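The following report goes through a model chain by chain and contact by contact. Please keep the sequence and the coordinates at hand while reading.

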Amino acid sequence: MKNIFLLFIVHCLLSVSLHAQDAEAKLKELKIELPVLGKPIANYVHVVRSGNLLFLASKGPSNAQGVYITGKVGKDLTLEQGIEAARLTAINQLAVLKAELGDLNKVKHIVKVLGMVNCEADFKDHPKVINGFSDLMVAVFGEKGKHARSAVGMCSLPFNMAVEIELIVEVE
Amino acid sequence: MKNIFLLFIVHCLLSVSLHAQDAEAKLKELKIELPVLGKPIANYVHVVRSGNLLFLASKGPSNAQGVYITGKVGKDLTLEQGIEAARLTAINQLAVLKAELGDLNKVKHIVKVLGMVNCEADFKDHPKVINGFSDLMVAVFGEKGKHARSAVGMCSLPFNMAVEIELIVEVE
Amino acid sequence: MKNIFLLFIVHCLLSVSLHAQDAEAKLKELKIELPVLGKPIANYVHVVRSGNLLFLASKGPSNAQGVYITGKVGKDLTLEQGIEAARLTAINQLAVLKAELGDLNKVKHIVKVLGMVNCEADFKDHPKVINGFSDLMVAVFGEKGKHARSAVGMCSLPFNMAVEIELIVEVE
């Protein structure tokens, strides 16, 4: 009987260490407050679920006041401002996930990210910009946050937003 | 016995009201005639099915004569012409779905749309352009037509097409 | 007994003809040697599996020395150099599949390809460029290699790479 109890304790400890970090706790630790989602301004929705995959509509970077960060990265915005724009976009997509799932710990894996940077023809640092998004995903979800991604340069984006990022997420 | 019959009737009525609209009937009501698909001009196909997801190759806008609408939206084409190009692209993708499924009512959900607009660096109205596509999908499929989407600006598109749109569709 | 044996022979012959070609043998026949994968330079991974779908991060064209083919197709690079860049990108993605699966014959279908060409606003031959990728996939995988695809023009790509291509692959 004692052995079974010990086995149970070991099992619990292993579960904690093997399972991913608590995304909700991590969000609080990072002092990130998720914004309230506006309604999409056209005949589309924030997210569609098919099986255990969530397909998220792309979002752009809006600050705490809901104002978009606009301009071309490398021209109107510095690289650092571009990275911050990608980070703000990650926060907006976390808000979509939170609204859809209720609990971010229901995320099983961030599967695929398409990171689009508003920039000019000679820009080369797209990966650094989109790291602003990727790094926050990995900070919040740990190993589950590591995704396949593309980082590319767009000739223009809606409302001249600095970045626009869409993603596919696997859920439980 | 009578009760069971009544239950059956209620069930049928509920089914009709709960289920989505008849996409084929809607298409006729909108007086939209689907074009006959040409063969892809390279080593690729119009659509690949994996499980209950259809991945559609992107299409551009061709009119009833099969001629592509070309030019950059906001420069060579007006916003209205861009919207019409997106609508024509939707009709071409409906033709792909019809050829693949036989019956558009087998569509369970339009999941994800990537709408790419051929435009210049200062263009900002990508969402309005891609609404030409999204609005027709929702007109034909109702709630099932509401999708997650991205609308972005491309430096150039094949043959200088005005728009190019790809999508993922869930089927029964 | 003889009949059962004959049936078995017929079954084997049918299996060979109905099943796809041997991708590993084809690769050797084409004298293609797959490169060793470097580690992604950021918080992302080469590939994420969800169910029986592999989502591959986009890759660019690097030659046998690991040096990227850079420049805008149609301006810095000829069309032929662009096609070769797309072919080199296909080889890099085959290396990702080989590393993930151990055996390329575990590929059930190349489902979806997004082929992005680094080019200028007046470029029109994106499909020809991306054929460099598509043709190699079909050469290696046969019918299983035929995919839905989009071929589009990007204002800029990381490190000024000539092309960047991502894909979704169904596996057994």
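## Basis of the model

This is a predicted model, in which local features need pLDDT of at least 70 and side-chain atom pairs count only at pLDDT 80 or more, while totals for chains, interfaces and linings use all residues. Residues are numbered from 1 along each chain as its sequence is written, and chains are lettered from A and ligands numbered from 1 in the order in which they are written.

## The sheet of chain B

Chain B holds an open sheet of five strands in the order S1-S2-S5-S3-S4, with mixed pairing; strands are DSSP runs of E with at least two residues, helices are runs of H or I with at least four, and both are numbered from the N terminus. Two strands pair if DSSP finds at least two bridges between them. The edge strands, S1 (47–50) and S4 (148–154) of chain B, each pair on one side only, and the twist averages 15° from one strand to the next. Strand S3 (residues 107–118) of chain B runs parallel to S4(B) and is joined to it by seven bridges.

Two helices pack on this sheet. Helix H3 (residues 79–101) of chain B touches S1, S2 (53–59), S3 and S5 (163–171) of chain B, and its direction makes about 35° with that of S5(B); a contact requires that the C-beta atoms of two residues, placed from the backbone, lie within 7 Å. Helix H4 (residues 126–141) of chain B touches S3, S4 and S5 of chain B, and its direction makes about 160° with that of S3(B). Axes are lines fitted to C-alpha atoms, for helices over the stretch in contact, and angles run from 0 to 180 degrees between N-to-C directions.

## Helix packing in chain C

In chain C, helix H3 (residues 79–101) and helix H4 (residues 126–141) pack at an angle of about 40°, with their axes 7 Å apart. That makes H3(C) oblique to H4(C), a class left over once angles under 35 degrees are counted as roughly parallel, over 145 as roughly antiparallel and 65 to 115 as roughly perpendicular. The residues that make the contact include C:Ala86 and C:Ala90 of H3(C) and C:Phe133 and C:Met137 of H4(C). By type, the contact residues divide into twelve nonpolar, four polar and three charged, where Ala, Val, Leu, Ile, Met, Phe, Trp, Tyr, Cys and Pro count as nonpolar, Asp, Glu, Lys and Arg as charged, and the others, Gly among them, as polar.

## Contact between chains A and B

The contact takes 23 residues from chain A and 28 residues from chain B. On the side of chain A, strands S1 (47–50), S2 (53–59) and S5 (163–171) each give two or more residues, and the largest share, four residues, comes from S2(A). The residues on this side divide into 15 nonpolar, six polar and two charged.

## Symmetry

Chain A can be laid on chain C with an RMSD of 0.0 Å by a turn of 120° and a shift of 0.0 Å along the axis, which is the relation of a three-fold axis. The superposition is by least squares on the C-alpha atoms of residues with pLDDT of at least 70 in both copies. Of the residues of chain A, A:Cys155 comes closest to the rotation axis, at 2.9 Å (C-alpha).
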